Amino acid sequence: MADPIFEVRNLDVRFTTHDGEIRAVKNVSFDVAAAECLGVVGESGSGKSQLFLATMGLLSSNGRATGSVKYRGKEILGLSQRKLNRFRGSHVTMIFQDPLTSLTPHMTLGEQIMEGLRVHSHVPREEAEKRAVEILEIVRIPEARQRMLQYPHEMSGGMRQRAMIAMATVCGPDLLIADEPTTALDVTVQAQILEIMRELKTELKTSIVMISHDMGVIAGIADRVQVMREGEIVESGAVEDIFYRPRHAYTKVLIDSMPRLDKAEDTAAARSAIAPDAVKLLDVVDLKVHFPVNAAAWITKPLRAVDGVSFTLRQGETLGIVGESGCGKSTLARAILQLLPRTDGTVVWLGRDLDAHRKDDMRKLRKELQIVFQDPLASLDPRRTVGQSIAEPLTALMPLLSRAEVSQRVARMMTRVGLDPVWINRYPHEFSGGQNQRVGVARAMIVEPKLVICDEAVSALDVSIQAQIVELIADLQAQTGMSLIFISHDLAIVRRLSHRVMVLYMGQVVELADREAIYADPRHPYTKALISAVPVPDPKIERARKRAKLTGDLPSPLDSRAPLTFLKSKIINDPNAEQYRPKLLQVAPGHLVAEYDEVI
Amino acid sequence: MSLLAPDATAAMIDAQEIHGRSLWVDARHRLFENKAAVVGMFLLALIALMAIFAPLLSQYSFEYQNWNVVSCSPDWWPDTTVLCNAGGTHWFGTDSLGRDLFVRVLYGARVSLAVGLVATLVSLIIGVLYGAIAGYVGGMLDEVMMRVVDVLYSLPFIFFVIILLVIFHRNFFLLFVAIGAVEWLTMARIVRGQTLSLKHKEFIEAARAGGVGPAAIILRHVIPNLLGPVVVYVTLTIPNVILAESFLSFLGLGVQEPLTSWGVLIGDGANQMEIAPWMLIFPALFMAVTLFSFNFIGDGLRDALDPKDR
């Protein structure tokens, strides 16, 4: 390898905590060559972020790093803050996961980009401004000159992350360390950001370290890959070697547990066919949920979170609901569960129109309809034991059960979801994310519901744990014959479980079809863009793929024109006007597609 | 094997351990590691015990007057120009009516601590329930309840108390009510704010989806989770209440003779400051130590309960 620009030798990172010393990074050595992209993969807690924070001298105050970090032959580990600042931000820069918290809220974008230039390169203001505009154009921020005067909160997530990349590259760094730069973003935006980073690498010859848990992202951009686990590098090599000839068992697990869109799998849904005479459980007709939002002092505008969604669900069936953030999928789930009041429409449960004001109805509904939440830790009360949390729906809905009966059922349920019943008195913070999500599943299943709604139930988990939880849910479904509504932004996960898939965009259904049809034959341009934006964990396929691209950002949901992005010909050019509603057309039996313009 | 590793290792470490560590147990550990807080708790316990067992500690009663030793300094007083020495058993000297100051300081502690604890407890119960209900129910009810708080806030505290005392005459019980009635306002605001942020947490939604009613949610999920900041606020309220009582007593609106409180003693002492400084110094010292202790404990609790530390 020609002269590495970044050499790390025997790096150790230790943290002193209340529970003793934790060794987050264990004796790690590696190089980064000029103009290459090193992918660093690992699950949460593998020490991949701490490793690079340590090299930059950014560890939190209870952390300590030992070893050697050389930048172009110069030792930089343990340098004073002042000396570090001289090359941090100019020669080596970092991008973080959350683009909102990494930008200073009270400074305009232009000031923040120019700050780095003026501190490090001491260029005059006009020169700095020119460079800033140039770099904003490279990261494809339209109308760069006006954007420079905007504040971070005026921009969307994708726009902010692009601005972060602009800030990080404006001084012409040799090395850009990107820590999960796309994890907080939607898939279509992620595809745009990765595109920009690939260009930076080829055009500006910047070396990139891409830290990610997503094998698909790594496959698309990295030249070399190193796999980290529990603070150690377990395997490293060229991207093709890692993906096609993995040697370490853990690398194989990581690659195999990635759900893939490009290959047919033995899916859970394929295993459990629905009985042809299955009962219709749920019938949602033209459901609308609008929130009043203050537009000006006395004027409120409706935010159409869910705007006329209809579907049916039969016993034993799994419906996948897919969409990007802000499309209304979580609101839809909460409206069906009557956790939110609906503005209009009906929800028919087993032939009975539900009314949140009838107490009996609600009690019955709660017994039969349950939900599993996204964040396993946040959805459990930190001050109650897991046993109390699991038992809660049981004690609330069946108050006649004796205490012994309750604890017996809780113990039985814990065994079923793969938890040892002796843990009944432990607290959520003593469990891992995967275990907590098992508790969440147990809590939903304890009243033996007919329908469980999984709202992004596996999105916050690592891929290998994700696979386990999906498997658990599928097993429980096979045993009990319950129905599922599986909500996710991840199309690949949805495919593993669903019989039918519904795609939401701006609170409206754009496509609803059987699983096979939607992945093999997507019709709506938005569905196509979503599917093609999902990275495939296979370097050759991923790099050769042509994407159906969406340009720009999601429009504001307050703008009534937003749902018509794909039907521009019908737009009335007024953000407050009542707009045309795209009709759902049946293109094949059971395959519904919203109207769209052939050429956008 | 690799697939199960993180869960399995966590499981192996404490396979035998059945009882979990609750967040409270963790917080207690951290609190006892904080030296200032431990010293504070020790001093406070000492003062409280002395106040409780005051009659056993001294041979004098708090109202016994000995006209032979009026405004006399303790024997060990370093300044020898004082009028008289009170004799061996008056450790803190005597006051201007010939009563033993040591026993009076301890009786003052009884009143001050009792006012502090009871008034704070009153404000705690009203404030927590009021704030939690307003925050959790929200909407119109929240608006009305919080406007009531705003109106009460805008009444000047001292006028309010003086009017109460003038109408109902001076009485010990009224003191609790008057102070408690003002202190719960801040508590209600704090609790409401915390409830608003808790209300949208997923575990509250999970409880609602599990069919739990609003009253049970407030009692079981909301209140236990906001006790952290509340406990901290309580330890900072107690000194406030003690100060308020002292202030009222100093103005002559507090407890009645011969019963006393630190505020009364300090008020009397301040008048005699030049000729009998011990009459000011001892009660002031006790009060200062108590207030410091509460503040140290409050600080320690805040650090111990801070969820970001976890």
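**View 1. The side of chain B that touches chain A in the predicted model.** Contact is made between 27 residues of chain B and 34 residues of chain A. On chain B, the elements that each give two or more residues to this side are helix 1 (5-13), helix 9 (202-209) and helix 10. Helix 9 of chain B contributes the most, with seven residues. Classified by type, this side of chain B comprises twelve nonpolar, eight polar and seven charged residues.

**View 2. Crossing of helix 8 and helix 10 of chain B.** The axes of helix 8 (residues 172-199) and helix 10 (residues 214-250) of chain B come within 10 Å and cross at roughly 155 degrees. Because angles over 145 degrees count as roughly antiparallel, helix 8 and helix 10 of chain B are roughly antiparallel to each other. The crossing of helix 8 of chain B past helix 10 of chain B is right-handed.

**View 3. Residues in the contact of helix 8 with helix 10 of chain B.**

**View 4. The fold of chain B, with twelve helices and zero strands.** From the N terminus on, the elements run α-α-α-α-α-α-α-α-α-α-α-α. Of the 310 residues of chain B, 42% count as buried. Among contacts in chain B with a separation of 6 or more, 71% join residues 24 or more positions apart.

How values were computed
Residues are numbered from 1 along each chain as its sequence is written. Chains are lettered from A and ligands numbered from 1 in the order in which they are written. This is a predicted model: local features need pLDDT of at least 70, side-chain atom pairs count only at pLDDT 80 or more; totals for chains, interfaces and linings use all residues. Helices (H or I, at least four residues) and strands (E, at least two) are DSSP runs, numbered from the N terminus. A residue is buried if 20 or more other C-beta atoms lie within 10 Å of its own, exposed if 12 or fewer, and partly exposed in between; C-beta atoms are placed from the backbone. Two residues are in contact if their C-beta atoms, placed from the backbone, lie within 7 Å. Axes are lines fitted to C-alpha atoms, for helices over the stretch in contact, and angles run from 0 to 180 degrees between N-to-C directions. Angles under 35 degrees count as roughly parallel, over 145 as roughly antiparallel, 65 to 115 as roughly perpendicular and the rest as oblique. A crossing is left-handed if the near helix is turned anticlockwise from the far one by less than a right angle, and right-handed if clockwise. Ala, Val, Leu, Ile, Met, Phe, Trp, Tyr, Cys and Pro count as nonpolar, Asp, Glu, Lys and Arg as charged, and the others, Gly among them, as polar.
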